[in-house]
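Dear colleague,

Please find the structure below, handed over for your reference. My notes on it follow directly after.

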Amino acid sequence: MPAIYSRCGKSGVLLPKVSLGFWHNFGDDAPFERSRAITRFAFDHGITHFDFANNYGVPAGSAELTMGRLMDEDFRPYRDELFISTKAGYGMWDGPYGDWGSRKYLISSLDQSLQRMHLEYVDLFYSHRYDPNTPIEETLQALVDIVRSGKALYVGISNWPLEPLKAATQYLRERDVPLLIYQGRLNMLNREPIEQGILDFCREEGIGFIAYSPLAQGLLTDRYLDGIPADSRMAKEHFLKSDRRTPELLEYLHQLEAKAQASNRSIAQEALNWVLDQPGVTSVLVGASSVEQLKNNINTIIS
Ligand code: NDP
């Protein structure tokens, strides 16, 4: 049985091989008791890392509010057993200061996230995307100062291209706030971090890599084999459009299903193990709309 935790790059942090993301299914648009059941199931099975961003949930911010309620009702005694991340970088509030990568935005957004989650600090704070119009030093110095202020223990970067990532690695290292982790989309249908050299760079530099949407938002599961379920992400036609369900995808899924069955796995397990097998990957960051899904996902990886 593989170990549950992986070392995050060359750091002291161990992350579970499967981490839980709160982008969908944990906001005001989801039943609280279901969110609670998924979160508790995760923690009870060693999933110690929960990932947020300021804008997760419908309406934006409501996933962090759910976490605040869970902290009060369930998780406060276990705060030191949890590794909680959040991010800022995409549009969050009106006007010129609620988007992109300014010092003004990052610092005030983290303050708001802490208030919503009823936390004094997060374990990890990310720049959610690269801002080509803000001096890179401004964004990075904000991350350094956030760590110095005690509001985050580590910093991460998500969705940055390779060249700014290299500059960030150096800048942060020179200020003794080494980049802990890179968060990028990696799955069997989208291999950009490999093709663009990002995964190799992280591995060489001792930076962890956490793969988001490792199931391609549910495409790499049995969810859409027989149609589009009414309660699925695709049925909402927003982040996952129905035109992704092509004959080519279904053909690919049937082949994957045959391969998975040969190893006694589900399609989702096959897809997650593929990501975890890529050298340099620390953890897969999955979403789930039920305990059953999460249970299926951790089986063969954590059990
Ligand atoms: P996944 O690729 O894991 O997709 C999750 C969805 O797949 C679930 O909501 C569910 O869909 C479906 N699913 C999951 N398990 C199963 C299963 N066993 N059987 C059938 N269907 C299943 O990840 P997400 O796209 O949700 O992203 C995960 C996390 O990554 C986010 O919560 C967030 O933390 C992070 N993220 C970060 C981004 C960034 O820019 N840094 C961008 C996107 C995500 P359904 O809801 O329809 O049931």
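A compact globule of 303 residues would have a radius of gyration near 19 Å, and the protein chain agrees with this because its own value is 19 Å. Please bear in mind that this is a predicted model. Taken along the principal axes, the C-alpha atoms of the chain fill a box of roughly 50 × 40 × 40 Å. Of the 303 residues, 44% count as buried. Among contacts between residues at least 6 apart in sequence, 74% join residues at least 24 apart.

The protein chain contains 10 helices and 10 strands. Of the strands, 8 close into a barrel with parallel pairing, in the order β3-β4-β5-β6-β7-β8-β9-β10. Neighbouring strands of this sheet are turned against each other by 30° on average, direction ignored. Strand β3 (residues 18-21) pairs with strand β10 (residues 283-286) in the parallel sense, over 3 bridges. Within this part of the structure, L20 stands opposite V286 in β10.

Helix α2 spans residues 62-75, and its buried residues are A63, E64, T66, M67 and L70. These buried residues pack against α1 (32-44), β5 (83-88) and α3 (103-117). Helix α3, in turn, lies across β5, β6 (122-127) and β7 (152-158). The direction of α3 is at about 135° to β5.

With kind regards

How values were computed
Residues numbered from 1 in each chain as written. Predicted model: local features only at pLDDT ≥ 70, side-chain atom pairs only at ≥ 80, totals over all residues. Helix = DSSP H or I, 4+ residues; strand = E, 2+ residues; numbered from the N terminus. Rg over C-alpha atoms; globule rule 2.2 N^0.38 Å. Buried ≥ 20, exposed ≤ 12 C-beta atoms within 10 Å, placed from the backbone. Contact = placed C-beta atoms within 7 Å. Pairing = 2+ DSSP bridges. Axes fitted to C-alpha atoms, helices over the stretch in contact; angles between N-to-C directions.
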